[in-house]
Amino acid sequence: MPDNTPSQKTEWRLQHYMALCAVASRRASEEIIAQGRVCVNGVTITTPGTKVTKNDTVTVDGKPITPEESMRYVLLNKPKGYVCTLSDDRGRPIAADILKKAYSERLYNVGRLDMFSSGLIIFTNDGSFAATLSHPSAELEKEYIVDTSTNLPRSLCDDFKKGVRVDGVFYKCRDAEELNARRMRIVLIEGKNREIRRVFQSYDVGIRRLVRVRIGSVGMGSLEEGQFRDLTSAEVNSLLRIAKLKDY
């Protein structure tokens with residue numbers, strides 16, 4: 001596994017340190033800092049990028065945080081109906097809660113799947129790993145199988161590969177293949193919010209089922225819906241190589 005424990009460094013940007021402590025991803029940590037919820041040595045910090053060391057006392061919402069002792073990398077086959085957030089004020093089921101009985105560490109999701117989609121999503125407490133895989137420059141492929149409620153328009157597959165503009169937003173998949181009259185395989189790179197659903201809706205095509213079956217080099221295999229497993233060292237390293245990692 002990549003070695004990103006705090007012993008390797010003596011100083012971190014605050015959002016990076018929070019990610020190492022499994023508070024949230026770096027981007028989400030920046031939002032928490034901006035909300036005034038983070039203190040360093042008793043002083044409220046609202047500016048991301050503030051430097052901290054292992055000798056500083058950092059709290060979030062008044063609770064001290066410390067770096068995780070070990071890094072976890074978990075692959076979940078998320079069931080439909082679960083949201084990919086750390087909390088939900090609407091009381092909807094949270095995907096991370098599926099993992100709580102098996103892992104004592106606080107794990108957060110790398111990227112998201114919308115509530116009505118199912119399939120693969122990675123959870124970790126390694127903030128650098130999450131940031132690397134989530135960065136647009138990573139060019140990490142995500143593959144989906146889409147089942148529709150009506151026949152696919154003949155032009156949809158080719159149009160999506162060339163690029164489609166919906167409500168002023170440009171969507172373009174890396175690859176697409178019509179498997180049958182009501183099923184399509186789609187590979188995305190950037191993965192804008194609800195990209196597949198917005199494109200299909202623009203063609204008046206209803207989606208009956210949307211499943212993510214691959215993330216980079218990691219496929220579904222025999223992992224059934226609701227099941228999860230640890231990623232192997234080889235899988236973690238493969239994902240990092242694909243993401244053009246420079247820092248590990």
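In which strand does Val-146 lie? Val-146 belongs to strand 10, which covers residues 142–148. Helices (H or I, at least four residues) and strands (E, at least two) are DSSP runs, numbered from the N terminus. Before we go on, a word about the model: it is predicted, so local features need pLDDT of at least 70 and side-chain atom pairs count only at pLDDT 80 or more, while totals for chains, interfaces and linings use all residues. Residues are numbered from 1 along each chain as its sequence is written, and side-chain values use heavy atoms, with hydrogens and water left out.

Let us stay with Val-146. Its relative accessible area is 0%, so Val-146 is buried (buried means under 20% relative accessible area, exposed over 50%, partly exposed in between, with a 1.4 Å probe and protein chains only). Not counting residues up to four places away in sequence, Val-146 touches several others, among them Met-184, Ile-196, Phe-200 and Ile-207; contact means heavy atoms within 4.5 Å. Ile-207 is 61 residues away along the chain, yet the two C-alpha atoms are separated by 7.0 Å.

Now look at Ile-196, which lies in helix 5 (residues 195–202). With 4% relative accessibility, Ile-196 counts as buried. Leaving aside neighbours within four places in sequence, the contacts of Ile-196 include Tyr-144, Phe-160, Leu-188 and Leu-210.

Helix 6 (residues 233–242) is our next stop. Its buried residues are Glu-235, Val-236, Ser-238, Leu-239 and Leu-240. What covers them includes strand 7 (73–78), strand 9 (118–124), helix 3 (127–134) and strand 15 (207–215).

A pair of aromatic rings is described by the distance of the centres and the angle of the planes. Rings of Phe, Tyr and Trp (its six-membered ring) pair if their centres lie within 6.5 Å; planes under 30 degrees apart count as stacked, over 60 as edge-to-face and the rest as tilted. The structure holds 3 aromatic pairs. In one of them, the ring centres of Tyr-73 and Phe-129 are 4.8 Å apart and the planes stand at 75 degrees, so this pair is edge-to-face. Tyr-73 and Phe-129 are both buried. Another pair, Tyr-103 with Phe-228, is tilted, with 6.0 Å centre to centre and 55 degrees between the planes. Tyr-103 is buried at 9% relative accessible area, whereas Phe-228 counts as partly exposed at 28%.

Elsewhere, 4 strands form an open antiparallel sheet in the order 3-2-5-6. Strand 3 (43–45) and strand 6 (63–64) stand at the edges with a single partner strand each, so one side of each has no neighbour in the sheet. Two strands pair if DSSP finds at least two bridges between them. Strand 2 (residues 38–40) and strand 3 pair over 3 bridges, and Val-38 has Ile-45 as its bridge partner in strand 3.

Finally, what about the cysteines? A disulfide is a covalent bond between the sulfur atoms of two cysteines. Counting cysteine sulfur atoms within 2.5 Å as a disulfide, the total here is 0. For Cys-157, the closest cysteine sulfur is that of Cys-173, at 6.9 Å, which is too far for a bond. Cys-157 is buried, with a relative accessible area of 8%, and Cys-84 is buried too, at 5%.
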